[in-house]
Amino acid sequence: MSIAENIQQIEHELHGTTARLVVVTKTHPVAKLQEAYDAGARLFGENKVQEMVAKQPDLPTDVEWHLIGHLQTNKVKYLAPFVHTIQSVDSLKLLLEIEKQAAKHDRVVNGLLQFHIADEESKTGLSFAEAEEMLQSEVYQQLRHVRLTGVMGVATFTHDQAQLRREFQTLRGYFEQLRSRFFAEAEYFREISMGMSADYPLAIEEGSTLVRVGSAIFGARG
Ligand SMILES: *Cc1c(COP(=O)(O)O)cnc(C)c1O
């Protein structure tokens, strides 16, 4: 099936659910991103700063760019002029740098707190205790150019449906606890980014609001 057909199929599955589609475009050339755009996609996810910065000028300005990979503080400045959401916020230091760089452009950049939910050591992200500590800190209260809009997680690479479901439920539980304790008045705190090509139907059942789908749209990455 074509890129457009794949996107239409997924949008059909998302219809009537809480979830929106982030098309994960990493490794794919701009022509394919344009094809996805022409099929109606507007939320695009890249995992590398350099790649996002290179592609962004070639796409229409109403694309919402989401960074979904680990972000080093020294690279925030390259994204600050245009990035919509940094899904991989994993430290207070990073939040402070986003604040500083977004302020220079008089913008507000959205961030999602990335949690470690997989049982694999290699997968990055915060623990719940680390997130609580960040949100309670005084510096956090001062931020005006970065706005936390929810949480993100990458599940274990497994076919075990019960395990995937447990991990998605853990992330949703974190979201709900944080919302009631720190964001009770903030309607913008509403995103739960979970689910990829192999497991997004399950993630939607567990309350995902952003599914990040690459290979189910573009085919396997080379
Ligand atoms: C690559 C990637 C995805 C998309 O993976 P697919 O299996 O191709 O859908 C989603 N989330 C993150 C964080 C990624 O790095």
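A salt bridge here is a side-chain nitrogen of Lys or Arg within 4 Å of a carboxyl oxygen of Asp or Glu. The model is predicted, so to speak of local features takes a pLDDT of at least 70, side-chain atom pairs count only at pLDDT 80 or more, and totals for chains, interfaces and linings use all residues. Residues are numbered from 1 along each chain as its sequence is written, and side-chain values rest on heavy atoms, with hydrogens and water left out.

Going by the salt-bridge rule, the tally is nine. One of them joins Arg 181 to Glu 132, with 2.5 Å between the closest N and O atoms. That pair ties together distant parts of the chain, 49 residues apart: Arg 181 sits in helix H8 (residues 161-182) and Glu 132 in helix H6 (residues 128-136). Helices are DSSP runs of H or I with at least four residues, numbered from the N terminus. Arg 181 itself is partly exposed, at 43% relative accessible area; partly exposed falls between buried (under 20%) and exposed (over 50%), using a 1.4 Å probe and protein chains only.

Helix H8 also holds Arg 172 and Glu 176, four residues apart, or about one turn of the helix. Their salt bridge has its closest N and O atoms 2.9 Å apart. Arg 172 comes out partly exposed at 34%, and Glu 176 is partly exposed too, at 33%.

Over in helix H3 (residues 49-55), Glu 51 and Lys 55 are likewise four residues apart, about one turn. Their side chains meet in a salt bridge at 2.8 Å, N to O. Lys 55 counts as buried, with 6% relative accessibility. Finally, Arg 20, Arg 190 and Glu 191 are linked in a salt-bridge network.

Notes:
Helix = DSSP H or I, 4+ residues; strand = E, 2+ residues; numbered from the N terminus.
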